[in-house]
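Hi,

Here is the structure I promised to pass on. Have a look at it first, and then read my notes below.

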Amino acid sequence: CASFSPDGAQVLTASQDGTARIWSADTAECLHELHEHTGPVESAEFSPDGNLIVTASWDGTAKVWSMESGECTRTFSGHGGRPNSAAFSPDGHSVFVTTVTGVAKLWSVE
């Protein structure tokens with residue numbers, strides 16, 4: 001999957017190789033590679049303010065990342081299945097994660 005940042009300056013991609021990447025929308029240069037997942041990354045989304053990213057992976061985790069540094073700031077596990085989608089709430093304070101087994105869970109980012 002691929003999505004633009006709220007300001008349109010970056011593009012975020014998710015990959016079957018266990019990474020997500022942040023690209024410059026202008027130059028297509030890779031700005032950060034997010035590589036702490038150990039399974040395919042099925043979903044990657046920007047927060048509404050563009051400062052954070054959430055990824056969902058078949059390794060059983062969803063992770064929140066700093067857009068600026070590319071560092072993982074939070075890991076969520078215990079979804080009851082392999083996460084296949086994650087999205088921020090409109091205020092950016094929560095993450096909603098769904099799994100391939102139909103489980104859905106709401107997590108606090110803070």
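**What I found**

Of the 110 residues in the protein chain, 44% are buried. Keep in mind that this is a predicted model.

Let me start with the overall fold. Along the principal axes, the C-alpha trace spans about 40 × 30 × 20 Å. If you look at contacts with a separation of 6 or more, 33% of them join residues 24 or more positions apart.

Now the inside. Which residues make up the largest nonpolar core? There are 12 in all: L12, A14, A20, I22, L34, V41, A44, F46, I53, W65, M67 and C72. Strand 2 (10-14), strand 3 (20-24) and strand 5 (41-46) are the elements that each give two or more residues to this core. Strand 5 gives the most, with three residues. There is also a second, separate core of 11 residues, and A56, A86, V97 and W107 are among them.

Not counting residues up to four places away in sequence, A14 touches C1, T19, A20, V41, E42, S43 and A44. Two of the names in that list, A20 and V41, turn up in the largest core as well.

The accessible surface of the chain comes to about 5,400 Å², and carbon and sulfur atoms hold 50% of that. As for charge, I get 5 positive and 14 negative side chains, with the centres of the two sets 13 Å apart.

Is F4 buried or exposed? F4 counts as exposed because its relative accessible area is 56%, and the cut-off for that is over 50%. You will find F4 in strand 1 (residues 2-4). Leaving aside neighbours within four places in sequence, F4 is in contact with Q10, V11, A25 and F46; F46 is one of the residues of the largest core. The C-alpha atoms of F4 and N84 are separated by 19 Å, and these two residues lie 80 residues apart along the chain.

Cheers

Note on methods:
Residues numbered from 1 in each chain as written. Predicted model: local features only at pLDDT ≥ 70, side-chain atom pairs only at ≥ 80, totals over all residues. Heavy atoms only, no water. Helix = DSSP H or I, 4+ residues; strand = E, 2+ residues; numbered from the N terminus. Buried < 20%, exposed > 50% of the residue type's maximum accessible area, 1.4 Å probe, protein only. Contact = heavy atoms within 4.5 Å. Areas by Shrake-Rupley, 256 points an atom, 1.4 Å probe, with all protein chains shown as cover. Lys, Arg positive; Asp, Glu negative; His and termini not counted. Charge placed at Lys NZ, Arg CZ, Asp CG, Glu CD. Core = buried A, V, L, I, M, F, W, Y, C linked by side-chain atoms within 4.5 Å.
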